Amino acid sequence: MNLPGHFLVSSLTLVTLLLAVTLTANACLPSDRAALLSFRAALNEPYLDIFNTWSGEECCTNWYGVSCDPETKRVADIILRGESEDPIFAKAGRAGYMTGSISPALCQLDQLTTLVIADWKDIYGEIPACITSLPNLRILDLIGNKISGEIPADIGKLSRLTVLNLADNQITGLIPSSIVNLNSLKHLELGNNKLTGEIPSDIGKLSMMSRALLSRNQLSGSIPSSIANIYRLADLDLSVNQITGWIPAELGSMPVLSTLNLDANQLSGEIPVDLLRNTGLNILNLSRNSLEGNLPDVFGPKTYFTAIDLSYNNLKGSIPKSLSLTKYIGHLDLSHNHLCGAIPVGSPFDHLEADSFANNDCLCGMPLSNSC
């Protein structure tokens, strides 16, 4: 059937219009695209060629690691991980590697909610101070690079931030006092940097936080007792720092605390009784400090520990017999103290090695070779 010429022209016009509308719908804002290209220009990724996809106008659909809000078409997420299960890594047979720095041009993406630039090994430079002006930012994850400089002083302005992960970098300076204003923060990871100074005394204001990992820094001062006010905190790691003073007794009353690592600091005083009595605590590492006094005899049928490490301290007295009444203790290390007397019999002592009791003053009995 022959169609009239004007119908063919109208049909072609309609197709063209629909195509134009589709392209416009997928295209991101020109200012967002320009900011992304400026960000890309400051980086060099030589092995995976992920930035080869950053071409054309449709950055909302085709650019690797970039996604947009479906309604506003504004860039919402940048997720670039150097260690990933994405097929592009399997095909290359290697983890990611990237050099360069994080461009302040990212701050022009004022609808950004997620910024992940993680595990690229060699990204250097400082965190752009303007990043604290992004009102909708919820996730800031820069783990596993060589980022230096200080954490932006007004990081507390990011009121919607739920994840702050700056671990495994070369960040220096203090933990900003404004960090306690991050009312939505759930995960704080600053481990393996070069942070100095004290933990903010009012860190207990971070009432939503469930994980605080600050290990392997140069933090000093005492452990703020206000930490015990963080009701949801399940994982606290302050190990390998220069923290002094006593362990706050209030930590023993935290209802969901399951992992507490305070090892390799300069803590003194006695182990709080409530800490060992806390039936929710699953992993406790207080090794390599200067803790003293007797080991509290507070264990019972509800005690359940995957691991307790109290080695390399100045504990004295005998090993509490109540340890043999516990529901379960997987690993127990009491070595390098000043304990004395007979090692109790039964579980958990029947599955522990002699190393768990070595280098004490006068312990005896199995699994040690000397009898009582």
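Visitor: Where does asparagine 217 lie?

Guide: Asparagine 217 lies in the loop between strand S12 (211-213) and strand S13 (218-220). Strands are DSSP runs of E, at least two residues, and helices are runs of H or I, at least four, numbered from the N terminus. The model is predicted: local features need pLDDT of at least 70, side-chain atom pairs count only at pLDDT 80 or more, and totals for chains, interfaces and linings use all residues. Residues are numbered from 1 along each chain as its sequence is written, and side-chain values use heavy atoms, leaving out hydrogens and water.

Visitor: Why is asparagine 217 called buried?

Guide: Buried means under 20% relative accessible area, exposed over 50%, partly exposed in between (1.4 Å probe, protein chains only). Asparagine 217 has 7%, so it is buried.

Visitor: What does asparagine 217 touch?

Guide: Contact means heavy atoms within 4.5 Å. Not counting residues up to four places away in sequence, its contacts include Leu190, Asn192 and Val240.

Visitor: What makes strand S2 and strand S22 edge strands?

Guide: First, the sheet. It is open, has twelve strands and mixed pairing, and runs in the order S2-S3-S5-S7-S8-S10-S12-S14-S16-S18-S20-S22. Strand S2 (66-68) and strand S22 (328-333) each pair on one side only; they are the edge strands.

Visitor: How do you know that strand S18 pairs with strand S20?

Guide: Two strands pair if DSSP finds at least two bridges between them. Three bridges join S18 (residues 283-285) to S20 (residues 304-309), so they pair. The two strands run parallel. Leucine 284 has isoleucine 308 in S20 as its bridge partner.

Visitor: Why is the pair of phenylalanine 89 and tryptophan 120 called tilted?

Guide: A search of the whole structure finds seven aromatic pairs. Rings of Phe, Tyr and Trp (its six-membered ring) pair if their centres lie within 6.5 Å; planes under 30 degrees apart count as stacked, over 60 as edge-to-face and the rest as tilted. The centres of phenylalanine 89 and tryptophan 120 are 6.4 Å apart and the planes meet at 40°, so the pair is tilted. Phenylalanine 89 sits in helix H3 (residues 87-92), and tryptophan 120 in the loop between S5 and strand S6 (121-124), 31 residues apart.
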